[in-house]
Amino acid sequence: MQLGKATREAYGEALAALGAEMPELVVLDADLSKSTMSKKFADKFPERFFNIGIAEANMVGIAAGLASAGKVPFASSFASFLICKGFDQMRMSVAYQGENVKFCGTHAGISIGEDGVSQQGIEDIALACALNGFVVIAPADETEMRAAVRAAALHQGPVYLRAGRPKAPIIYPDGKSEFVIGKADMLRDGRDLTIIANGLLVGPALEAAEQLAGEGIAVRVLNMATIKPLDTDAVVAAAKETGAILVAEEHINHGGLGSAVAMAVTAHAPAPMAFVNIGDRYAESGTGEALMEKYGLTTADVANAAKQLLARK
Amino acid sequence: MLAQSNGLTLDALRDKAKVIRRHVVEMITAAKSGHPGGSLSAADILTALYFGGVLRHDPANPLDPNRDRFILSKGHAVPVLYATLAEAGYIPVDQLTTLRQLGSTLQGHPSKADLPIMEASTGSLGQGLSVGVGMALAAKMDMADYRVYVMIGDGEAEEGQIWEAAMYAGAAKVDQLVAILDYNKCQLDGTIEEILNWEPVAEKWAAFGWHIIEINGHDMAEILRALEEARQITGKPVCIIAHTVKGEGVSFMACNNEWHGKAPTADECAKALAELA
Ligand SMILES: Cc1ncc(C[n+]2csc(CCOP(=O)(O)OP(=O)(O)O)c2C)c(N)n1
């Protein structure tokens with residue numbers, strides 16, 4: 001698939017664009033603005049940008065204070081540091097009273113590559129979903145990220161956005177007029193099974209569907225960018241109409257999109273399910289591509305899992 | 001019994017530091033990613049620790065319970081630690097260029113899970129000093145006389161946990177603990193002065209109950225004197241504030257924070273190696 005910009009780059013661009021429209025928008029970073037790309041905003045609006053230093057917990061608390069005084073803060077760092085170090089502050093200073101703070105965890109997943117485990121945010125979705133009232137979004141490509149940043153800014157309440165380091169396959173070549181929080185996007189319809197994916201796994205899901213179509217298997221593909229609140233209607237319809245659901249995500253096995261979808265399926269429309277994800281393990285250093293392959297997140301992994309799932313239908 | 005070895009002469013130490021810097025440049029070039037600036041700023045201090053007769057350690061028995069511990073809390077500088085450990089006989093030198101490759105024990109940041117001679121897994125900044133405090137407390141409980149050395153970055157010291165550890169160690173008079181601050185004046189997005197100027201730094205550590213030694217972290221004699229002084233101090237932890245230059249040893253990397261986290265090209269590598277010949 002053709003590669004577009006990294007979603008983190010789209011994050012920075014979207015902030016810089018929104019800054020002109022929203023005077024109350026402020027941006028915080030913890031000494032990673034060149035990597036998270038929040039620097040794009042900082043360069044345009046230095047008086048509304050705060051580099052807090054390497055102090056993620058402090059940054060989250062400061063963002064909460066800014067929000068309580070009417071600002072709309074976006075705070076970013078690597079997903080691993082932002083959510084692991086800022087978690088209690090997100091819980092007490094943000095989630096508890098629904099403070100209007102937006103977060104962006106970049107370099108999420110194992111596709112960050114060579115830096116290794118310490119920098120690989122692979123449990124961020126589980127942790128973000130554990131925060132009451134948080135909206136949790138993992139956009140698939142640059143277009144979707146730009147739209148999601150806008151939707152996050154307009155939403156009243158806390159939002160966690162997930163961004164990746166590498167260039168992301170273009171899923172929306174013709175643009176995307178609006179990002180609706182909590183709404184799945186059917187990218188392809190089919191009756192034999194549904195693949196639900198988000199982030200960097202949407203590309204492999206589409207490729208796998210194309211491959212399976214060649215074998216006479218009709219696959220529905222849902223881009224489930226919003227993990228919380230989940231589009232339960234789309235999940236239930238998929239379970240009822242296609243009878244089997246495969247969930248693919250760049251996250252550990254516990255607490256991510258797979259868990260959310262499984263809850264909806266078991267509660268409303270039980271159907272066989274399978275999961276493509278990192279599993280219950282830490283990865284390692286290596287190129288992003290090599291890691292996606294070794295840890296089972298390629299098109300072939302999605303296609304194989306789909307076929308095995310079909311056999312159980 | 002684990003004993004302190006005799007250190008190399010000052011000239012031999014300076015040569016050793018050059019060899020270690022060469023490894024650093026070659027490793028990061030081969031890996032095509034990594035952090036040369038903060039590795040090079042720490043090279044002289046690591047050389048002094050491992051080859052200056054400071055650390056009590058034995059490559060033949062790397063996990064001897066009585067060994068001195070060294071924790072690289074600023075884990076992104078791990079190439080300099082791998083290079084030093086290779087020169088000291090812990091890691092085959094020809095393995096160094098497997099840095100950051102799939103399946104290598106030489107992870108992009110220290111991984112105790114992959115390489116047990118790493119005293120702590122680091123890379124999420126701010127955590128190493130607390131682990132060091134724990135080790136020093138255990139030494140006291142066991143009436144062991146090993147010492148714990150923790151290197152932290154100046155940017156890293158913006159993390160609150162560093163100050164929680166510093167406050168506790170000072171209040172609890174945790175001796176046998178030496179923090180070495182690699183004060184190279186830079187972090188990731190810019191200089192310390194631009195991002196979060198936390199001077200006066202010596203006064204801060206002193207106020208938390210630490211014995212302060214301030215040195216030029218590239219002057220081998222000064223480094224050795226400081227480490228010797230640190231060994232004599234009892235009743236409080238020691239903080240060595242080492243003024244260093246990020247990228248020290250390679251002219252085009254020195255004081256140029258572009259080299260915080262960028263790999264040299266083959267040409268740049270050759271140029272750097274020529275300077276380090
Ligand atoms: C908790 C955490 N936040 C952010 C980072 C990303 N990061 C890696 S190195 C670095 C700058 C470190 O500065 P310093 O400690 O001064 O190291 P040096 O300049 O010596 O390389 C940052 C922000 C990280 N590794 N861990």
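In this predicted model, a polar side-chain atom of A:E56 lies 2.7 Å from a nitrogen atom of the ligand. Two further polar pairs are made from chain B. At B:N184, a polar side-chain atom is placed 2.7 Å from an oxygen atom of the ligand. Taken alone, the ligand exposes 590 Å², of which the protein buries 99%.

| Residue | Protein atom | Ligand atom | Distance |
|---|---|---|---|
| A:E56 | polar side-chain atom | nitrogen | 2.7 Å |
| B:N184 | polar side-chain atom | oxygen | 2.7 Å |

**The ligand site**

The ligand is surrounded by 24 residues, the closest being A:E56, B:H76, B:D154, B:N184 and B:K246. Because the surrounding residues come from chains A and B, the site is shared between chains. By residue class, the shell around the ligand divides into 6 nonpolar, 10 polar and 8 charged residues. The ligand sits in the largest pocket.

**Chain A**

Chain A contains 13 helices and 14 strands. Its C-alpha atoms fill a box of roughly 60 × 40 × 35 Å along the principal axes. The radius of gyration of chain A is 19 Å, which agrees with the value near 20 Å that a compact globule of 313 residues would have.

**Chain B**

In chain B there are 10 helices and 5 strands. The radius of gyration of chain B is 17 Å, close to the 19 Å given by the globule rule for 277 residues, so chain B is as compact as a globular protein of that length. A box of roughly 50 × 45 × 35 Å, taken along the principal axes, is filled by the C-alpha atoms of chain B.

**Backbone geometry**

Most peptide bonds are trans, and most residues other than glycine have a negative phi. Some exceptions follow.

In chain A, the peptide bond from A:K228 to A:P229 is cis, with omega near 0 degrees. A:P229 is found in the loop between β12 (226-228) and α10 (232-242) of chain A.

In chain B, the bond from B:E199 to B:P200 is cis, with omega near 5 degrees. The loop that holds B:P200 runs between α7 (192-195) and α8 (201-207) of chain B.

A:D31, a residue other than glycine, has a positive phi, near 65 degrees. A:D31 belongs to the loop between β2 (25-29) and α2 (33-36) of chain A.

Definitions and conventions. Residues are numbered from 1 along each chain as its sequence is written. Chains are lettered from A and ligands numbered from 1 in the order in which they are written. This is a predicted model: local features need pLDDT of at least 70, side-chain atom pairs count only at pLDDT 80 or more; totals for chains, interfaces and linings use all residues. Side-chain values use heavy atoms; hydrogens and water are left out. A residue is near a molecule or strand if one of its heavy atoms lies within 4 Å of it. A polar contact is a pair of N or O atoms within 3.5 Å; within protein, one must be able to donate a hydrogen and the other to accept it, and residues adjacent in sequence count only if both atoms are side-chain atoms. Accessible areas come from the Shrake-Rupley method with a 1.4 Å probe; for residues, only the protein chains shown count as cover. On a 1 Å grid over the protein atoms alone, a cavity is a set of points where a 1.4 Å probe fits but cannot get out, and a pocket is an open set with protein on both sides within 12 Å along at least five of seven lines; lining residues have an atom within 4 Å of a point. A molecule sits in a cavity or pocket if more than half of its atoms lie within 2 Å of its grid points. Ala, Val, Leu, Ile, Met, Phe, Trp, Tyr, Cys and Pro count as nonpolar, Asp, Glu, Lys and Arg as charged, and the others, Gly among them, as polar. Helices (H or I, at least four residues) and strands (E, at least two) are DSSP runs, numbered from the N terminus. The radius of gyration is taken over C-alpha atoms; the globule rule is 2.2 Å times the number of residues to the power 0.38.
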